[in-house]
Amino acid sequence: MVEHEILDAMEEWLDDYIIQLEADTESAIDPIETALITVRGQISTLQSQQENICEYLEKGIYTIEMFTKRNLALEDEIKQLRESEDDLLKQKSEGKQKEAAHTQIIPAAQHILESYPILTLEEKNRLWKLVLKKVTIYRSPDDEITIRLHLSLPK
């Protein structure tokens, strides 16, 4: 009876999870990519400003002190933007790792559910360990069973 309830709960979770992933992928705007484009644009602008202050120094508009002060300020801003760009690239990489994990767990869960009736007990246990950390079963005093699946998903 418990095994049947676990199968039902897993099927329900899988259906909901697939729907949720499809809804998440439908949004065409990637906020990390948008932020990367913005940061890279700001870096490009600051680099152009650096080139301009070199011209100002050559034309005599800036003194060496003014040039040095402005150049240091621009370099600091560029450094901060490069750090932001690195952080965004890390976030993007982590997102791709999560996406890869999602694409692996769905077929594994589907395989388990489809082939469950013909598997041996050892095979069932081995396959469940691929997608589940644990299963918590609550039994109320009036014999009502509640099952909670703890899945092996990326955070």
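Reader: Which residues of α2 are buried?

Author: In this predicted model, the buried positions of α2 are Ile32, Leu36, Val39, Ile43, Leu46, Gln50 and Ile53. To be called buried, a residue must have under 20% relative accessible area. In an α-helix, residues three or four places apart point the same way, because there are 3.6 residues a turn.

Reader: What makes the length of α2 close to that expected of a helix?

Author: The helix has 29 residues and reaches 42 Å from its first C-alpha to its last. At 1.5 Å a residue, the expected span is 42 Å as well. After α2 comes Gly60, with a positive phi near 85 degrees.

Reader: Why is Asn71 called buried?

Author: Its relative accessible area is 17%, and the cut-off for buried is under 20%, so Asn71 qualifies. Asn71 is located in helix α3. Beyond its neighbours within four places in sequence, Asn71 is in contact with Gln50 and Ile53.

Reader: What makes the pairing of Asn71 with Gln50 a polar contact?

Author: The side chains of Asn71 and Gln50 are joined at 2.9 Å. The limit for such an N or O pair is 3.5 Å, so the pair counts as a polar contact.

Reader: Where is Tyr62, and which residues does Tyr62 touch?

Author: Tyr62 is in the loop between α2 (31-59) and α3 (64-115). Setting aside residues up to four places away in sequence, Tyr62 touches Ile53, Tyr56, Leu57, Phe67 and Arg70. Arg139, 77 residues from Tyr62 in sequence, is 80 Å from Tyr62 in space, C-alpha to C-alpha.

Reader: Which residues touch the most other members of the largest nonpolar core?

Author: Met10, Trp13, Trp128, Val131, Leu132 and Leu149 do, in a core of 20 residues. At least two residues of this core come from each of α1 (2-26), α3, α4 (121-131) and β2. The most come from α1, which gives six. Another core, of eleven residues, lies apart from it, with Ile32, Leu36, Val39 and Leu81 among its members.

Reader: What does Trp128 touch?

Author: Not counting residues up to four places away in sequence, Trp128 touches Leu7, Met10, Ile112, Leu113 and Tyr116.

Reader: Lys124 carries a charged-type name, so to speak; is Lys124 buried or exposed?

Author: Lys124, found in helix α4, has a relative accessible area of 14%. That value is under 20%, and therefore Lys124 is buried. Leaving aside neighbours within four places in sequence, Lys124 is in contact with Glu3, Tyr116 and Leu119.

Reader: How do you know that β1 and β2 pair?

Author: Pairing requires at least two bridges, and strand β1 (residues 132-139) and strand β2 (residues 145-151) share seven, in the antiparallel sense. Lys134 has His150 as its bridge partner in β2, and Tyr138 stands opposite Thr146.

Reader: What is the phi of Asp143?

Author: Asp143 has a positive phi of about 65 degrees, although Asp143 is not a glycine. Most residues other than glycine have a negative phi.

Note on methods: Residues are numbered from 1 along each chain as its sequence is written. This is a predicted model: local features need pLDDT of at least 70, side-chain atom pairs count only at pLDDT 80 or more; totals for chains, interfaces and linings use all residues. Side-chain values use heavy atoms; hydrogens and water are left out. Helices (H or I, at least four residues) and strands (E, at least two) are DSSP runs, numbered from the N terminus. Contact means heavy atoms within 4.5 Å. A nonpolar core is a set of buried Ala, Val, Leu, Ile, Met, Phe, Trp, Tyr and Cys residues joined through side-chain atoms within 4.5 Å. Buried means under 20% relative accessible area, exposed over 50%, partly exposed in between (1.4 Å probe, protein chains only). The expected span of a helix is 1.5 Å times one less than its number of residues. A polar contact is a pair of N or O atoms within 3.5 Å; within protein, one must be able to donate a hydrogen and the other to accept it, and residues adjacent in sequence count only if both atoms are side-chain atoms.
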